[in-house]
Amino acid sequence: MTKIQNIRSIRLSLPFETGGPRHGMRPSLDTWTKMECVMVRIKTSDGLEGWGEAFGHAMAPGSEAVINQILAPMLVGRDSAAINHRIAELERPLHGLGRSGPLMYALSAIDTALWDLAAQRAHLPLYKFLGGESGVLTKYASLMRYGGDTDAVAQNVERARSYGFRTIKLHETTIPAFRAARNAVDPDDKICLDVNCPWTVAEAREVTQEILEDGFHWLEEPIWPPEDFEGLAEVRLEGIPISAGENITTLHEFKLAMETEAVDNLQPSVTKCGGISMMRKIISLAEVYPVTVIPHCFYWGPGYHATAHLAASCLTPTPLETAFITFAVEPHNLFNSHSGQVTLDDTPGLGFNADWDELDKFIISTDEVNAS
Ligand SMILES: [Mg+2]
């Protein structure tokens, strides 16, 4: 048995530049200048270490507390290879903490780290361990919010294009900003609109009718609340492809989203829904519905690697969302927002390889639990 000997959480806050005016991701949120990430490192008795990531941002303190105070003490000393059993032993008795939020985010990190270890033991990069063949992926640029500043939107769309991105996603909510992006690129380039749940169904339908002829590639999370799949299905009938799924965390809700014909593109998030194990279930389930799985990936830690490996494991690799920002330091060997492509190498496991001499100064807090 390969025993779990040590679990360490590391919460970091990495400053970034956006190439434009700074805003919160939603109008109600503070200006965003740093991106928080909660990493987990699991050390085992065979001398390996596996990495995972829990959804961070404003939720980072909750994810961190659940790992340190609840999950890590329950896990140390147990067999790291029996992933299904480890996750069930945590998820089922703790469901009172909720079927989403910090518990599921923390479980996602643990699950991903266990899969990293399993692939390392098989001496395979994770995407090959999961049945993939090629590690070459196309990325799409996920721009920060420029608060409706049409000049900043156009400039940054052009900049993303100059780095080789042909699919570019905005986080704007105004029609002039949408059109500034559309007009800044070639007709063949794809512009996606992620509005982060601002509207009622009626408001979303009105916007959709107005932009129907502009050729946008998808409209993401147009309505509040995100679990109103019937409302989303109504908006979808207007004719613009709908993307959603980053705020869904249970298999039953993913099924409901597809059964109600609410989405064209399903966007599960590996740092939220339960890690590699759950992502595999969702990808399999989605095969029986007319949807495309395009994972959510607005983060930069081991979750970025996990999403890349999952994308590369699919028969038709899906584009890898990459935040279009420039960090104060290069966080690791894979994240690069200045290129529209990425290639996973043959390093066993996730291949997460951070430069801790650089990252160390951005650690907010860290804690560890050891097996007795
Ligand atoms: Mg989104």
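Start by colouring the two domains: domain 1 is 4–123 + 356–370 and domain 2 is 127–343, with bounds from an automatic or database domain assignment. This is a predicted model, where local features need pLDDT of at least 70, side-chain atom pairs count only at pLDDT 80 or more, and totals for chains, interfaces and linings use all residues. Residues are numbered from 1 along each chain as its sequence is written, and side-chain values use heavy atoms, leaving out hydrogens and water.

Domain 1 and domain 2 bury about 3400 Å² between them, 66% of it on carbon and sulfur atoms (accessible area, 1.4 Å probe, lost on being put together and summed over both parts). On the domain 1 side, the elements giving two or more residues include strand S1 (4–17) and helix H3 (102–121); helices are DSSP runs of H or I, at least four residues, strands runs of E, at least two, numbered from the N terminus. Select H3 next: with 8 residues, H3 gives the most to that side.

Next, show the magnesium ion. Asp194 (OD), Glu220 (OE) and Glu246 (OE) coordinate the ion at 2.1 Å; donors are N, O and S atoms within 2.8 Å of the metal (3.2 Å for Na, K and Ca), and water is not among the atoms, so sites may look incomplete. Along the chain the donors are spaced D-x25-E-x25-E. Glutamate 220 sits in strand S7 (residues 218–220), while glutamate 246, 26 residues apart from it, is in the loop between strand S8 (242–244) and helix H9 (251–259). Both glutamates are buried (under 20% relative accessible area, 1.4 Å probe, protein chains only; exposed is over 50%, partly exposed in between).

Definitions and conventions
Buried area is the accessible area (1.4 Å probe) that two parts lose on being put together, summed over both.
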